[in-house]
Amino acid sequence: NRAPGPAWLGYSSPGSSLSLSLSNRTSLIDSTCSDLFLLSTRNDDLKEMLESNKDSLKLDAMKRIIALIATGKNASELFPAVVKNVASKNIELKKLVYVYLVRYAEEQQDLALLSISTFQRALKDPNQLIRASALRVLSSIRVPIIVPIMMLAIKEAASDMSPYVRKTSAHAIQKLYSLDPDQKEHLIEVIDKLLKDKSTLVAGSVVMAFEEVCPDRIDLIHKNYRKLCNLLVDVEEWGQVVIITMLTRYARTQFTSPWKEDGLFDENSETAFYESDEKKTKNGDEKKSYMMDPDHRLLLRNTKPLLQSRNTAVVVSVAQLYWHLAPKHEVGVITKSLVRLLRSHREVQYVVLQNIATMSIQRKGMFEPYMKSFYVRSTDATHIKSLKLEILTSLANEANISTILREFQTYVKSQDKQFAAGTIQAIGRCATNISEVTDTCLQGLVLLLSNRDETVVAESVVVIKKLLQTQPTQHSDIIKHMAKLFDNIAVPMARASILWLMGEYCERVPQIAPDVLRKMAKSFTSEEDIVKLQTVNLAAKLYLTNSKQTKLLTQYILNLGKYDQNYDIRDRTRFIRQLIVPNEKSGALGKYARRILLAPKPAPVLESTYKDRDRYQLGTLSHTINTKASGYLELSDWPAVAPDQSVRNVEVIEPVMIHLYFYYPCPLITQMKLCVLESSSEAESDEEKSSSQSSEESDKSSSQSEKSSSESDSEQKKTTKKPPQKKTVKPTAKDRYYNELFNTYGYTVLSQSKCLSRSLFSLCILTPCPLSCAAALLQVSGPAFVPEKRHDLLHRMTGKGLSAQYQFPRQPCLYQPTMVSVQISLTNTTDHPLEQIHIGDRGPTGLDMHCFNTVECLLPEASVTVSLGVDFNDSTQAANFQLCTKEDQFSVSIQPAVGELFLPATMTEQDFRKEQGKLLGMNESSATITMAAENTTRQPISRQVATVANLGVVPSGQDNIHRFAGKTASSGAVVLVTVELRESSAALITINTEKSVMGPMLLRDLKRALTRA
Amino acid sequence: MINSLFLINPSGEMFLEKHWKSVVSRSVCDYFLEAKEKALEPEDVPPVIHTPHHYLISIYRDKLFFLSVIQTEVPPLFVIEFLHRVAEMIQDYFGECSETVVKDHMVMVYELLEEMLDNGFPLATESNVLKEMIRPPTILRSVVNTLTGTSNVGDTLLTGQLSTIPWRRAGVRYTNNEAYFDVVEEIDAILDQSGTTVFAEIQGVVEACVKLSGMPDLTLSFMNPRLLDDVSFHPCVRYKLWESERVLSFIPPDGNFTLMTYHVNAQNLVAIPVYVKQSISFFECGSDGRLDVTVGPKQTMGKTVEGVMVTVHLPKTILSINLTATQGSYTYDNGTKLLVWDIGKLNPQKLPNLRGSLSLQAGAPKPEENPSLNIDLKIQQLAISGLKVNRLDMFGEKYKPFKGVKYITKAGKFQVLTITASINKYT
């Protein structure tokens, strides 16, 4: 194959290369060549192609070159020819040249410099993608001389308009750092800047850069901590992993341990893992109650949904976060997700099982319900099998041991004998850990001694030996049994174990031991070393206990040992002889021979190899390989006293507001309004009445919300009840207020609404501008229009004379702010009075509902109006319930139109725009319609919109744009509607709301209303 | 993060390498090859190998090893997950993931790898984004390319990365707007000798094929979402809406994707669609044995069970077998001792049966181990858990899409344990 093929010859001649057909060329690319001669011929030819002026030829040449690189062949000598094409107009060619440059620039530094100016030019390109790719290539060229240029480029790109370019600059930071670590200080500045970035695109990359360049600069994270927590769900998967890992480390330095209180519930509180905590509890007895920092809670809450990610790395990173940060009783949430990953690829299983193995040692309870998921399947790979065994052994307890042992019995029969041996060891571990089953296990193992497979028998012997050692009192018959088996066992380790047992318990088997020794004397020379050593041991022990029978045998064996080929055995023999055979030379030691050889020996401890893996953070490479990998960052212990929390406070108010909409489905928003009302009432006395009303209301709602606070922890409640200093020092009150606003659900704030409202009041005065506009923005106004339309709830025919109709009065519900109020008018069309009209069974849907008081009696022809509050939970699902009279029950349902689920809000045009800016993309739905002729002026449009939906009108500066705002009743999400009139009665309706189901539904209703003639 | 990637075939040849940082010599793979030699099966190679200067993390998939070289601490799953994405990407682009395919498209694979990582950190792993930058080959395009000299690299620069929805490209247009959802459920079960369920659970997946124009916002709801015990989602699904309303609300990626996977609570009784009567027995003396297997329908909810296949790993000491099947055909590989009986459709009136004699190697003892039967089956138009899609709504676009839902139940890891009885020949 050394001779070049015919195609080659034709190809390498320069004249014919142009005339070659395309198919020929492609076939050449495929042909692989390892011959140096061929390579150089080809390279000449490639050079020529690169220097031609046809793009297609150049492209072909580049493709062949890349194929060479991909297969690991050297193509560096083509560098000069390739680099000339860096400024090519052809995008594909350019891309390939970039790929080549990145690969070889390091080797050809001088020539690489030729290309730099091209990139510098591209960095100024108006197209963001060209800027980004230029930076990407520039920073990938590992040429030290261009460090200043790179630095400049990174700094510029970090303040680029495009988040994509900023992301690229975050990547470039790491590249520059690895090229020149001296740039660290400057790079940290850039990292600091990029950490402040609000784009989800940038977040993951910059945290990655942070981890590589300055993981110790925790102070850079403080101000961005909450932002990162909140962005997390929307960051791409890979970024999520990096951010979660970093935040785990961060949290361990900033928050105090949540484990103190429930340390009592720990199953294994004796493990080293918890020791430090216990100490702390003892030290800090006066600090009994633990309060979780709201920021700590924020992190836990915002990472939890990611357990549902399809990316296994994300799931495990959340799991380790919970393991390392969550209170003990909350860690359970990760179990299900981890077990789910066991369905994934084999390699994923491997890593997940390792993590579970470590966890299951400390917390059996977590995985015990899922025990069956760890059953070994015959198709599992070896390493998976042994990990599953490990976990099953850790999970074993008194209750489930019989199931586990039954499972183990089938494993012992497996064809994979290594695995069977592993199972026997596992049985041994179960037997030592759970004393109830020791005997059963031992018997089972003894049965295995008659197994046909040698490895199984040998392993059983070894394990039995260990077990007997832990319980030496009985079991002389087992030892006898093993002695009988001795002739049939060939595995050295097993033979050695039996001999050791004989020697150790020779007094229990006085008849048999000397006989075994006799057999050994015969076969001594042909035994393995380990067996010989044990034979010598046995001989010595027997000599001491039963010298009459064994003296000669012992001497014979010692003589054999003296001339053995192995020096260990010769050494041992010599030592033993001096020790046991009395002669004039043996000194004082001979007297202690008995005590030396027959000393009681401590039983071996059978324990998991995963026992001390917990010194590494779970999910890390270090944990997997059980050694510290380079670049591993230690997880610090919890601080005894939490560092200053206020460092995480952010000055800007905007993110706080975003936050409200996202995380406060509860009545907080109305609450804030009420607070503001109250505060203003303090200034204006004539509103006193309304203020007292509102505070009453707030009390009511706060108690309500406390009831519904399923997620609330006891810690949190304590937080809220605690410090009275809130009121006293205004700045701290402010800090704390924001803290809580940010980090806890509405109820925390509500439960102390009174004291808060005052601090809020002061806050309003302190910072009048941002908050007042925020509050104004949230203000719920009265309805613009109340439709008269009534809907049938119960027809008089079906209702046996009772008829009921309902309508939406569009008033804020008195009972609970999240409810929508509904008015029902009941009419009696019969000729006799109806008694006890009330609401019965509310069905399984579980909508929260405030019933009207029972109407005791409704006279014939009379009607009565009652009102009802229904929490529709922001969905148009009908509220089904039963309307009952004394005699009958009727199933009825209230079907709300989507527009009835809103409460109108007033805001300024500016606020509206600002809110709209936050609700773009997925949160926006729009449609262009043709307006009905009469709907072209402000009034009819407003009326039509108000008829459809309970929204407030926002004053607008432009005649052709009409804006409406509201919030959803239940979660308080903002709903913004814009109707923009275009040419010739066309109009664009835009709806912005995070409620992605409600948005399009509202859009549909509005379209119908506005197009209707 | 990830320094380098090597693709290695089962014989140990490194046929592609890609470096994202400084070049790492291929000799680093020697540690891996050594471990590969030691392992009996390619599956047994440990996924994480620790060498003096590097860490090697590898996956084995589609008869290929994807080996990545790592220098510093990184979550191993991060790398493993990425390697699988690479394999999926190759599969997605070229229809299959194999050595020949990679060798045929060497340059394109290399370019793709270049786009997927930047400095070892994932940059673009969504197939939609990648496809916009580097178009997958089609027969038509390759013809056009040959004639006109154009290429697969996108003429327009990518926009996907810049939209708020990274998994969907802008400006998708179809003449027929269709959205299909396949609810595929797999039964994992272990049945013991008597046919009682030792362990059973259902794993489901909703595969979607969505070809809709523009930016559709879909909402998929189930009749009985409470059935779902544990779920995981494609990143497009809005977690919060699932938490609060139990509906899947999402802006779908374009084309095929896995919308969600789920697990149905094992505490609910799992319907087992077939029963297996079997006995494998060996005579106490002599070297003969008998095998008798019958498969019949059990809880099939009135549907036909198709594609039934029984696989048995017979004991190593078997010399030859002589069986007859009343339905379907069987194959037996004497090298691997693998018996595969392909039954096809189950007919409840006439139950398929496979019986015959087994002969052991002369002098070999009776096998002590019970071979287990692995069952494969398929039921069309049935989700065995009873999960039902309620409706699919589309918002944000005006056209009416064509919608379809298909249910399939399959056997996952479905094992039947057997008894090896010994019979005395003379009684």
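1. **Ground rules.** This is a predicted model: local features need pLDDT of at least 70, side-chain atom pairs count only at pLDDT 80 or more, and totals for chains, interfaces and linings use all residues. Residues are numbered from 1 along each chain as its sequence is written, chains are lettered from A and ligands numbered from 1 in the order in which they are written, and side-chain values use heavy atoms, with hydrogens and water left out.

2. **Where the chains meet.** Start with the interface: 91 residues of chain A are in contact with 96 residues of chain B (contact means heavy atoms within 4.5 Å). Between them the two chains bury about 8,900 Å², and 58% of that is on carbon and sulfur atoms. Buried area here is the accessible area (1.4 Å probe) that two parts lose on being put together, summed over both. Which residues of chain A lose the most area to chain B? They are W238(A), R343(A) and R377(A), together 10% of what that side buries.

3. **Charges and polar pairs across the interface.** The rule finds 11 salt bridges between chain A and chain B; a salt bridge is a side-chain nitrogen of Lys or Arg within 4 Å of a carboxyl oxygen of Asp or Glu. There are also 31 residue pairs in polar contact across the interface, both residues at pLDDT 80 or more. A polar contact is a pair of N or O atoms within 3.5 Å; within protein, one must be able to donate a hydrogen and the other to accept it, and residues adjacent in sequence count only if both atoms are side-chain atoms.

4. **Two salt bridges to look up.** Over all chains, the whole structure has 56 salt bridges. In one, the side chains of E114(B) and R136(A) meet at 3.8 Å, N to O. E114(B) sits in helix α4 of chain B and R136(A) in helix α9 (residues 128–140) of chain A, so this pair joins two chains. Another salt bridge links D229(B) with K336(A), at 3.1 Å, N to O.

5. **The nine-strand sheet.** Some terms before you trace it: helices (H or I, at least four residues) and strands (E, at least two) are DSSP runs, numbered from the N terminus, and two strands pair if DSSP finds at least two bridges between them. In chain B, nine strands form an open sheet in the order β11-β13-β9-β8-β23-β21-β16-β19-β18, with mixed pairing. Its edge strands are β11 (228–233) and β18 (329–333) of chain B, each pairing on one side only.

6. With β23 (residues 402–416) of chain B, β8(B) pairs in the parallel sense over 13 bridges, and E186(B) faces K410(B). Five bridges join β21 (residues 373–380) of chain B to β23(B), running antiparallel; the bridge partner of N374(B) is Q415(B).

7. **The five-strand sheet.** Chain B also has an open sheet of five strands, in the order β2-β1-β5-β4-β3, with antiparallel pairing. What are its edge strands? They are β2 (14–19) and β3 (48–50) of chain B. Inside this sheet, β4 (residues 55–61) of chain B pairs with β5 (residues 64–70) of chain B over seven bridges, and I57(B) stands opposite S68(B).
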